[in-house]
Amino acid sequence: MLGDLAMFTSQKKNKIILTFDLEFWYDTEFLKEYLPESRQDCLVESVLPVLNLLKKYNAQATFFTTGKVMEKYPELIKQIHSQGHEIASHGYSHEFLGKLAKEKFVEEMKKCVELTEKTIGEKPKGFRAPCFSLNKKTSWALLILAELGFKYHSGRSSMPGSALLEVPAGYSGGVYFRLLPVFFFKYLLKKQRILYLHPHELYKDTPIIERAPGFKKFLKYYRVKDSLNKLEKLLQSFQFGSVEQVLGL
Ligand SMILES: [Zn+2]
């Protein structure tokens with residue numbers, strides 16, 4: 001599948017696909033048990049610097065947005081869309097597909113499609129499951145997505161023969177991007193042709209959960225303050241586009 005993506009992208013002026021999962025910083029599964037009752041979501045604060053950077057380098061991206069974010073910040077989503085970026089779906093509640101099960105998934109995804117249409121006047125074409133939970137065990141979701149009009153899904157499990165186009169998400173978001181040096185990503189992007197990140201892991205003031213164990217804090221916060229600069233270095237080296245733009249959907 002990676003080979004297919006390389007073939008697609010080489011046809012479109014060598015643009016690399018840029019994707020963001022747009023969720024609240026506290027949607028991180030391994031932090032849930034340590035979260036304080038009240039917390040600021042810092043969503044807008046984390047997205048605006050990313051949008052400015054993309055504008056500066058004339059780069060477009062796909063934002064896989066949760067329904068909850070879209071519901072709370074419709075104006076921000078309109079702004080992202082008006083700047084030429086694609087709005088796709090990251091589910092409604094950011095719950096694993098396996099935990100949601102079929103009926104609840106249908107309900108959530110209908111809500112996501114309606115919200116997207118209401119917010120930007122278009123249906124979403126793409127879906128990325130929370131925590132890459134669309135896999136062989138939850139492959140029942142593919143048919144549901146196709147029936148709702150989705151064209152592609154972006155994840156880490158390949159399920160050949162599905163009704164949706166597979167866009168492999170590759171490896172970059174989470175601790176990988178912050179841990180590994182820029183030159184490594186320059187090499188990786190030439191191979192995997194896609195970058196995925198979260199605005200909250202590019203935002204230096206994302207609230208810190210002090211009572212989380214050290215290793216989990218490392219995974220969540222290690223070198224967050226340097227990561228926006230790192231993205232800028234990649235934007236200087238490559239041309240980036242959204243999924244729909246690069247694949248011509
Ligand atoms: Zn997510």
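In the predicted model, the contact between helices α8 and α10 is formed by V182, F185, K186 and L189 on the α8 side and by K230, K233, L234 and S237 on the α10 side. By class, four of the residues in this contact are nonpolar, three are charged and one is polar. Helix α8 covers residues 182–192 and helix α10 covers residues 224–237. Their axes lie 10 Å apart and pack at an angle of about 45°. Because of this angle, α8 is oblique to α10. The crossing of α8 past α10 is right-handed.

The largest nonpolar core of the model contains 51 residues. Within this core, the residues with the most contacts are I16, L18, A61, F63, L195 and L197. Helix α5, which spans residues 97–120, supplies the largest share of the core, namely six residues.

L249 is located in the segment that follows α11 (243–247). With 14 other C-beta atoms within 10 Å, L249 is classed as partly exposed, because a residue counts as buried at 20 or more such atoms and as exposed at 12 or fewer. When neighbours within four places in sequence are set aside, the contacts of L249 are K125, K151, Y152, V243 and E244. L249 also lies 12 Å from H153, C-alpha to C-alpha, although 96 residues separate the two in sequence.

Notes
Residues numbered from 1 in each chain as written. Predicted model: local features only at pLDDT ≥ 70, side-chain atom pairs only at ≥ 80, totals over all residues. Axes fitted to C-alpha atoms, helices over the stretch in contact; angles between N-to-C directions. Helix = DSSP H or I, 4+ residues; strand = E, 2+ residues; numbered from the N terminus. Parallel < 35°, antiparallel > 145°, perpendicular 65-115°, else oblique. Left-handed = near helix turned anticlockwise from the far one by under 90°. Contact = placed C-beta atoms within 7 Å. Nonpolar A, V, L, I, M, F, W, Y, C, P; charged D, E, K, R; others polar. Core = buried A, V, L, I, M, F, W, Y, C linked by C-beta atoms within 7 Å.
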